[in-house]
Amino acid sequence: MEKGRVFTLSQVAQHKSKKDCWLVINGRVVNVTKFLEEHPGGEEVLIESAGKDATKEFDDIGHSKAAKEMLLKYQVGVLQGYSPSEGGEPEVAASKESNKAKEMKAFVIKDDPVPKYKAFVEFFVPLLVAGSFFGYRYLTGATQIGY
């Protein structure tokens with residue numbers, strides 16, 4: 001099939017089985033039937049979104065640059081009302097180093113900076129509390145209660 005072929009969402013919705021699985025991602029109609037077994041997240045994820053616009057799910061996961069470039073391999077057309085210049089065509093980086101650096105950033109789903117003193121607080125504060133407890137018991141002369 002041609003990559004310039006135009007489909008409606010109702011046409012895409014007819015392809016939602018394990019033997020015929022199409023998705024819409026960023027306006028691209030993608031036939032992922034041959035990719036089902038290779039998908040790292042399992043085929044169930046793709047089948048669940050089959051026949052629908054899966055752009056939000058695709059973007060929420062944080063796919064790598066290579067995964068975004070694979071869309072072109074499986075693309076069979078575009079969604080009606082979409083022009084190929086919209087939706088962010090994957091760029092091929094000029095140098096491998098910059099491509100690798102960008103791809104590594106794609107694996108970070110959530111960037112949560114951790115304060116430097118967190119390790120200190122998590123390790124030493126409980127030790128300080130335990131030491132204070134035992135020091136108090138020793139200084140107050142708490143005796144052992146026998147039953």
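Predicted model: local features only at pLDDT ≥ 70, side-chain atom pairs only at ≥ 80, totals over all residues.
Residues are numbered from 1 along each chain as its sequence is written. Local features need pLDDT of at least 70 and side-chain atom pairs pLDDT 80 or more, while totals for chains, interfaces and linings use all residues, and side-chain values use heavy atoms, without hydrogens or water.

Rolling a probe the size of a water molecule over the atoms shows where empty space is left. A pocket here is an open set of points on a 1 Å grid over the protein atoms alone, where a 1.4 Å probe fits, with protein on both sides within 12 Å along at least five of seven lines; lining residues have an atom within 4 Å of a point. The lining of the largest pocket has 23 residues, and Phe35, His39, Leu46, Phe58 and His63 lie nearest its centre. α4 gives the most to this lining.

| Class in the lining | Residues |
|---|---|
| nonpolar (Ala, Val, Leu, Ile, Met, Phe, Trp, Tyr, Cys, Pro) | 16 residues |
| polar (the others, Gly among them) | 6 residues |

β2 (22-25) is among the elements that supply at least two lining residues; strands are DSSP runs of E of at least two residues, and helices runs of H or I of at least four, numbered from the N terminus. In β2, Trp22 and Val24 on one side and Leu23 and Ile25 on the other are all buried (under 20% relative accessible area, 1.4 Å probe, protein chains only).

Leu46 is in contact (heavy atoms within 4.5 Å) with Cys21, Leu23, Val32, Phe35, Leu36 and His39, leaving aside neighbours within four places in sequence.

How values were computed. Buried < 20%, exposed > 50% of the residue type's maximum accessible area, 1.4 Å probe, protein only.
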